[in-house]
Amino acid sequence: MPRPAQDRPCWGGPAGVISSHLSCRWRSRWRISGRTVFVMAAHTGTRESASAPAGASARLWNPDLAAVPAERRSWGTYNYTALWVSMSVNIPTYMLASGMIAGGMDWRQALFTVFLGNLIVLVPMLLNAHAGARYGIPFPVFARGSFGVLGANVPAMLRALVACGWFGIQAWIGGEAVNVLLAALVPGWNHPWLCFFGFWLLNLAVIVRGIETVRWLQGVSAPLLVALGVAMLYWAYKHAGGFGPMLATPSKFRTFGEFFRFFVPSLTGVVAFWATVALNIPDFTRYARGQKEQMLGQALGLPTTMTFYAFIGISVTSATVVVFGQAVWDPVQVLSRLGNPWAVVVAMVGLLVATLNVNVAANVVSPSNDFSNLWPRRISFRMGGVITCLVGLLMQPWKLLASYGTYITGWLVGYSSFLGPLAGVLIADYYVLRKKIMLPEDLYQRGGFYEFSRGVNWRAVWALVAGILVALAGLAARPLAEPGHADWLRILAGVIARFYDYAWFVGFGVSFFVYLGLMRRGNPAPK
């Protein structure tokens, strides 16, 4: 790696893990072959005066996409553990686990599914994190190594669209919370759509003004949601008559076969839950002091926090069966039934503050980078955030949260059909083909090592398409497995239909091996 020749730090320290990523400003100059080539400005909502690397194309570089020099990588184990605590403690985590209870699992089955799924997704996450920590590059630039300097827009856009969907989901949850809050203060109030658009506009205003406007909230978002979750757990414990009745609700599945048919898509949904960050994790590990720090921090933070907050969702949803006679999987609806209007107001305010922060921090950073990668000269980090808001609205999040079935098997499993194949191509290229060796300068140049065919590695694109098609073939085959078709067709369709339940895994495997096969006669790893 090249060494920095001179730097002028203004690093603000790790007071808030995400805030140090978003708000600290610094510049550093690198020397490669005697030339000053890199100047970096972190995401501040404003464009710093910066010069591009020598030979870099204006279409491939801007300060937000620049590599982070080694001397400015200051995140340690604590930072990454705290990052995952901050990102894992959120309402969709609660709803992921509560949806399994509503679908028929008992608390042990649901908790095991969440824990196992997070252990599985931790593997590709740590594998993709390596490039960010070694080379200091964000996800869109990392993807150029396998897809080409222009072809990387394909995985970047797929990843960005999923993040936009999550942005819309969080905005819808926030709108629900606003509606419940106002209903507690104004008798007869019930205008969920007005509240949704109001909360969506609040998110947009925060992004337009600059991410630093919520910096002071970032240190309290996770504690707020933890406190809210513990309060809900206490409410459930008190009203259900203790943990015994709360967790006594049996599984609705009478046989292992019935359970397994629900378990597989649920497990895929858990993997898909963080499959997005498993791809763009270099956006965060580019700030790591070393590989050990980021690996240990993530291993400590992700499975434990997800399992803990999932347990809250599982316990409270199990208690609603005892208290209300049915499983209520939406925490906003549970909080709206607290009875005491002031308790509802306090709970909703806490939920709003935390949801706003998590939405902006977790669902804007990565897609903003991805949209910026499309046209670095014209699309800044802030403009990318505005695009994220608009696309998130167009994805109609109210439909994605219509039921636990739509949320898990429709949304989570559905987009895993695209992200699994992406992970397969990236990991096959970086570990098997390139042996973890990249040429950082060429990632920002036209006509360099990663030019392939006019900027696109079509073999990576075809491998990606192959994985997606196989995963989605299961969805297309389901109608053919119904009665009314020939027996041989129903049997075949029934087997293929399972591909969708395993969408992330099937897509990953197909794209992994297809890519290696297509690249066997391709260009060698950099020396």
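How do the residues of the lining of the largest cavity divide into nonpolar, polar and charged? We'll get there, but first some ground rules. This is a predicted model, so local features need pLDDT of at least 70 and side-chain atom pairs count only at pLDDT 80 or more, while totals for chains, interfaces and linings use all residues. Residues are numbered from 1 along each chain as its sequence is written, and side-chain values use heavy atoms, with hydrogens and water left out.

Start with the overall picture. The protein chain has 22 helices and 3 strands, where helices (H or I, at least four residues) and strands (E, at least two) are DSSP runs numbered from the N terminus. Of the 527 residues in the chain, 60% are buried; buried means under 20% relative accessible area, exposed over 50%, and partly exposed in between, using a 1.4 Å probe and protein chains only. Among the contacts with a separation of 6 or more, 79% are between residues 24 or more positions apart, a contact being heavy atoms within 4.5 Å.

Now for the empty space. Rolling a probe the size of a water molecule over the atoms shows where empty space is left. Here that's done on a 1 Å grid over the protein atoms alone: a cavity is a set of points where a 1.4 Å probe fits but cannot get out, while a pocket is an open set with protein on both sides within 12 Å along at least five of seven lines, and lining residues have an atom within 4 Å of a point. Grid points are joined across faces, edges and corners, and a volume is the space filled by probe spheres set on the points.

By this rule you get 2 cavities of 30 Å³ or more. The largest cavity holds about 160 Å³ and is lined by 14 residues, with N90, W166, W274, A362 and N363 nearest its centre. Back to the opening question: that lining has 9 nonpolar, 4 polar and 1 charged residues. In this scheme Ala, Val, Leu, Ile, Met, Phe, Trp, Tyr, Cys and Pro count as nonpolar, Asp, Glu, Lys and Arg as charged, and the others, Gly among them, as polar. Helix 6 (153–185), helix 12 (275–280) and helix 16 (341–374) each supply at least two lining residues, and the largest share, 4 residues, comes from helix 6.

Helix 6 also packs against helix 17 (residues 381–394), at an angle of about 70° and with the axes 7 Å apart. Axes are lines fitted to C-alpha atoms, for helices over the stretch in contact, and angles run from 0 to 180 degrees between N-to-C directions. The two helices are therefore roughly perpendicular, the label for 65 to 115 degrees. L161, C164, F167 and G168 of helix 6 meet T388, C389, V391 and G392 of helix 17.

Next, the largest pocket, with a volume of about 320 Å³. Its lining has 16 residues, and A231, L335, L338, A343 and A347 lie nearest the centre. Helix 9 (221–240) and helix 16 each give two or more residues to that lining, with helix 9 providing the largest share, 9 residues. By class, the pocket lining has 13 nonpolar, 2 polar and 1 charged residues.

Last, a look at some backbone angles. K435 sits in the loop between helix 19 (404–433) and helix 20 (458–477), and its phi is near 55°, a positive value in a residue other than glycine. K435 counts as exposed because its relative accessibility is 53%. F452 is found in the loop between helix 19 and helix 20, with a positive phi of about 50° although it is not a glycine. At 22% relative accessibility, F452 counts as partly exposed.

Notes. Angles under 35 degrees count as roughly parallel, over 145 as roughly antiparallel, 65 to 115 as roughly perpendicular and the rest as oblique.
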